[in-house]
Amino acid sequence: MVDITENLQRVRELMAESAVKSGRSPEDIELVAVSKGRSPELIARALQAGQKTFGENRAQELRDKVGKIDGDIEWHFIGHLQTNKVNMVVGNVSLIHSIDSERLARAVARRATHLGIRQDVLLQVNVSGEESKYGVESDEVSRLVEAAMDEPQLRVRGLMTIAPVIVNIEESRPYFRRLRELRDDLAERFPKTDVSRLSMGMSQDYRIAIEEGANMVRVGTAIFSE
Ligand SMILES: *Cc1c(COP(=O)(O)O)cnc(C)c1O
């Protein structure tokens, strides 16, 4: 049986090492346990081991899981979100990592208005420019920030990216650095908007992402697999 407690402990230790290496405190970096495809039983075990925030990447799966697990749990949505599925997500999660178009921003805002809530969001950026990747291109991010700022029900908190799949994990470093630089540019251009969150890094590369400034990592396999 997978020892989730031990896995979590190891991930947290390595996160702390990288935090210190980048001159930050371990508490400044949030771990999102990616629970897609994992059963409510496994998630409950992670929750018991002290993990509070979980990320799902499918709207339907998220909707079905919310409410199946008791306890002090917080959900994030991290996958590509189609506008016709926003109702399954908005209101069920404390953060959506994957706003990648003005159309989606508007759809999320509309649903949030209907529910009478404010929805925290990250803007997803395709820093590698790969065609297969979701996310806006780097030079379109400021337009998306402006569009989101026009929606009072949306609260922008930062940026998210998925690095390309590569063989040598060191090669992902420049992509993470690029997202941090983009964030720093936006922070200057939009001083009234909070773009402080940087969601980047997964099981294979979260340590490098933290070294490059990530303050939110999305880790699934390293927690839920042996
Ligand atoms: C699956 C997924 C992750 C986690 O990937 P692991 O390699 O299992 O850690 C992170 N982010 C997104 C967007 C994902 O879909």
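This is a predicted model: local features need pLDDT of at least 70, side-chain atom pairs count only at pLDDT 80 or more; totals for chains, interfaces and linings use all residues.
View 1. Residues are numbered from 1 along each chain as its sequence is written, and side-chain values use heavy atoms, with hydrogens and water left out. A side-chain N or O atom of Ser 203 is likewise 2.5 Å from a ligand oxygen atom, and at Gly 220 a backbone N or O atom lies 2.8 Å from an oxygen atom of the ligand.

**View 2. The shell around the ligand.** The residues that surround the ligand (those with a heavy atom within 4 Å of it) include Val 34, Lys 36, Asn 57, Ile 78, Met 202 and Arg 218. This shell divides into five nonpolar, four polar and two charged residues, where Asp, Glu, Lys and Arg count as charged and Gly is among the polar ones.

**View 3. The protein around the site.** The protein has nine helices (DSSP runs of H or I, at least four residues) and eight strands (runs of E, at least two). Along its principal axes, the C-alpha trace of the protein spans about 45 × 40 × 30 Å.

Terms used. A polar contact is a pair of N or O atoms within 3.5 Å; within protein, one must be able to donate a hydrogen and the other to accept it, and residues adjacent in sequence count only if both atoms are side-chain atoms.
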